[in-house]
Amino acid sequence: MKEESIDGRALVYCEQAFNTPNGKTAHGLVRFTERYDIVGVIDSNYVGQDAGKVLDGKTNGIPIFKSIGEATKKLTDLNKVPKSLVMGLAPDGGRLPVQAKITIKKALEMGWNVDSGLHDFLTNDKDLMRLAEVNGCRVRDIRKTPDRDMLHFFTGDIEEVSCLKLAVLGTDSAIGKRTTAWLLVHGFRNKGIKAEMIGTGQTAWMQGAKYSMVMDSCINDFVSGEIEHAVVSAWRNENPDVVVIEGQGSLMNPAYPGGFEILAAGRPDYVVLQHAPKRLEYDGFPGYKLHSIKEQIHAIQVISGKEVIAITLNHELMEPEEIVSACEALTTETGLPTFDVLAHGPDELIDLLKSKIK
């Protein structure tokens, strides 16, 4: 965690969702963020445990609390009182649970700022906003679409971008695309290669991605333009060697058919495809069988004319000793090199990709 976090200490609300697909925003913040200094997570299922240990088997010093009351008391004793409450939930449909509003109210009463990436906008709740005004609190709805005159339409300026463009797509939603994208960005930077993350969801923004848009709440006419604008801005302002574009959903997910605009407007040179071999159905939709990885690779290549250069493994439901054989099986099935960058680090994949830098 970087000490120079933009918004200071934050407590993450993830009640009943941590270590599940519905807690992926909290997971991202626990793993990495430049925006906040994460000092705790709320989820009564894992009280007293270390968030990093629960999530990845690696202790990171972020405790899990039963409630905002317990968190406030213990963090006060440690001289780590938060400045913000951040909603770490990412449920299907992005709705705000009733129980969460109770916690938000308590945070505002204590004078904390509140950030939410859900589709239920806190700034539309008059009672909460009155409470925020009385206590001098800032409330931000990360998924709230900017006014239309602030949005960008596709221009074709993407063709000027001369650095390597990579898209990290997935065979499903909530499958680890953003985490892999960040690991690649950090992996490039660790090797002295200038890399920029292009965030396309609320969590990437919360993690500090400077060049971002929130794809699933953007007005459809402007989605391609906003993706293009983020990529072009990163290239013009930062002069990177590579930009990594975070994927959304998957091409064939019935509820989140993301990726089309990323391929069309972001115009990546190559695609890295994230896959969970033990996931048989689309996330949250029992009965909707996951299309095979070979079908999904074919769809990406037909739509974009670009090459899927590698597979990245999501090892959910696997024991550590299964990972290597699972990678080997995917390589045999697809003919593509396969890596688990979360378990084993990104260096091998970075060595493959850096040869493609222009």
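Modeller: Gladly, and we can begin with alanine 90, which is in contact with Pro21, Asn22, Lys24 and Thr25, leaving aside its neighbours within four places in sequence. Please keep in mind that this is a predicted model.

Colleague: Where does alanine 90 sit, and why is it called buried?

Modeller: Alanine 90 belongs to the loop between strand S4 (84-87) and helix H4 (98-109). Its relative accessible area is 12%, and buried means under 20%, so alanine 90 takes that label.

Colleague: How far is alanine 90 from glycine 192?

Modeller: Their C-alpha atoms are separated by 34 Å, and the two residues are 102 residues apart along the chain.

Colleague: What makes glutamine 207 a buried residue?

Modeller: The cut-off is under 20%, and glutamine 207 has 2% relative accessibility, so it counts as buried. You will find glutamine 207 in the loop between helix H7 (202-206) and strand S9 (211-212). Not counting residues up to four places away in sequence, glutamine 207 touches Gly28, Leu29, Phe32, Thr33, Glu34, Arg35, Arg178 and Trp182.

Colleague: How do you know that the side chain of glutamine 207 and the backbone oxygen of glycine 28 are close enough for a polar contact?

Modeller: A polar atom of the glutamine 207 side chain lies 2.8 Å from that backbone oxygen.

Colleague: Let us turn to charges. What makes aspartate 56 and arginine 31 a salt bridge?

Modeller: The N to O distance between their side chains is 2.7 Å. A salt bridge asks for a nitrogen of Lys or Arg within 4 Å of a carboxyl oxygen of Asp or Glu, so this pair qualifies. The pair links distant parts of the chain: aspartate 56 is in helix H2 (residues 51-56) and arginine 31 in helix H1 (residues 24-31), 25 residues apart.

Colleague: Why are aspartate 56 and arginine 31 called partly exposed?

Modeller: Partly exposed covers the range between the buried limit, under 20%, and the exposed limit, over 50%. Aspartate 56 has a relative accessible area of 29% and arginine 31 has 31% relative accessibility, so both values fall in that range.

Colleague: Why do aspartate 127 and arginine 130 count as about one helical turn apart?

Modeller: They are three residues apart in helix H5 (residues 126-134), which puts about one helical turn between them. An α-helix has 3.6 residues a turn, so residues three or four places apart point the same way. The side chains of aspartate 127 and arginine 130 meet in a salt bridge, with 2.3 Å from N to O.

Colleague: What labels do aspartate 127 and arginine 130 get, exposed or partly exposed?

Modeller: Exposed means over 50%. Aspartate 127 has 52% relative accessibility and therefore counts as exposed, whereas arginine 130, with a relative accessible area of 48%, is partly exposed.

Colleague: How many salt bridges does the rule give?

Modeller: The count comes to 24 salt bridges.

Colleague: One last stop, helix H8. How do you know that its span is close to the expected one?

Modeller: Helix H8 (residues 220-238) has 19 residues and reaches 28 Å from its first C-alpha to its last, while 27 Å is expected at 1.5 Å a residue. The buried residues of H8 include Phe222, Ile227, Val231 and Trp235. Among the elements covering the buried residues of H8 are strand S7 (164-170), strand S10 (242-246) and helix H9 (260-266). After H8 comes asparagine 239, whose phi is positive, near 50°.

Conventions
Residues numbered from 1 in each chain as written. Predicted model: local features only at pLDDT ≥ 70, side-chain atom pairs only at ≥ 80, totals over all residues. Heavy atoms only, no water. Helix = DSSP H or I, 4+ residues; strand = E, 2+ residues; numbered from the N terminus. Buried < 20%, exposed > 50% of the residue type's maximum accessible area, 1.4 Å probe, protein only. Polar contact = N/O pair within 3.5 Å; in protein donor to acceptor, adjacent residues only side chain to side chain. Contact = heavy atoms within 4.5 Å. Expected span 1.5 Å × (residues − 1).
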